[in-house]
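This report covers a pocket, a set of salt bridges and a surface patch. The sequence and structure come first.

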Amino acid sequence: QTFNGKLRLRYAEGDWIHSTDLFGLRTSAEYLRNNDDGTTTRDKQTTAYRYSASAGSALQLGEHRQLAANGRYERDDFATYDRQGSFSLGYGTRLIDRELVILDAQLGPGVRRTHEADTDETRTGLIGRGQLDLRYQLTDNTALVNNLLVESGSYNTFAQNDLGLSVSMSDRLALKAGWQARHNSDVAVDKRKTDTLTTMNVVYTFK
């Protein structure tokens, strides 16, 4: 059983653009456990529990150029770093601006605070943050989008890539298939460095 959902809010006023993203994931699975008396018991176990929140404000310097401040917090009960929080400043610009292809980039310094579950150690350090946002309009109602986020510091490099294919059925309703890959360079021995998530969602846009 899996539940996942995402909410994105965007507000523009004058030269300022404000945005907020919320994400939640919870997965549980049933399995049969063999008892000592030879019987079996059906148990249920949580296999994924993660939520995150991010917010940002950007000041437009001109067409497709901006100064931005970004904050992000994440809780993941099954990761080496079960809590991560970061704040960064950055400069953004549009690298490609065509009728069918748009590519935006943002780069800047920041600070990150993490908690390691196995050692109960909390660490704070400087990071470099980079983000790439790609949108490719395949047809009038079909778009391929890809978002890459990288936060690199002295003891861990975190990267998350979100690839999605969206098919619009109306101005407000769309179907979206997504594939997410998350990578941490410094993890515990029994943890994988890269996790993936495949989703199929209905997207509704409020205007």
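## The second largest pocket

What is the volume of the second largest pocket? The second largest pocket has a volume of about 500 Å³. A pocket is an open set of points on a 1 Å grid over the protein atoms alone, where a 1.4 Å probe fits, with protein on both sides within 12 Å along at least five of seven lines; lining residues have an atom within 4 Å of a point. The volume is the space filled by probe spheres set on the points, which are joined across faces, edges and corners.

This is a predicted model, in which local features need pLDDT of at least 70 and side-chain atom pairs count only at pLDDT 80 or more, while totals for chains, interfaces and linings use all residues. Residues are numbered from 1 along each chain as its sequence is written, and side-chain values use heavy atoms, without hydrogens and water.

The lining has 25 residues, and Asp76, Phe78, Ala79, Asp195 and Thr196 are the closest to the pocket centre. Strands E3 (40-62), E4, E5 (81-97), E10 and E11 each give two or more residues to this lining. Strands (E) are DSSP runs of at least two residues, numbered from the N terminus.

By class, eight lining residues are nonpolar, eight polar and nine charged. Ala, Val, Leu, Ile, Met, Phe, Trp, Tyr, Cys and Pro count as nonpolar, Asp, Glu, Lys and Arg as charged, and the others, Gly among them, as polar.

## Salt bridges

The whole structure holds 13 salt bridges, each a side-chain nitrogen of Lys or Arg within 4 Å of a carboxyl oxygen of Asp or Glu. Aspartate 76 pairs with arginine 182, with the closest N and O atoms 4.0 Å apart. This pair joins strand E4 (residues 65-76) to strand E10 across 106 residues. Both aspartate 76 and arginine 182 are buried (under 20% relative accessible area; exposed is over 50%, partly exposed in between, with a 1.4 Å probe and protein chains only).

Glutamate 74 and arginine 72 form another salt bridge, at 3.2 Å from N to O. Glutamate 74 counts as buried because its relative accessibility is 3%; arginine 72 is buried at 13%. Arg50, Arg72, Glu74, Asp76, Glu151 and Arg182 are linked in a salt-bridge network.

## A partly exposed pair

Aspartate 77 and arginine 75 also meet in a salt bridge, at 3.0 Å from N to O. Aspartate 77 has a relative accessible area of 39% and is therefore partly exposed. Arginine 75, at 26%, is partly exposed as well.

Note on methods:
Helices (H or I, at least four residues) and strands (E, at least two) are DSSP runs, numbered from the N terminus.
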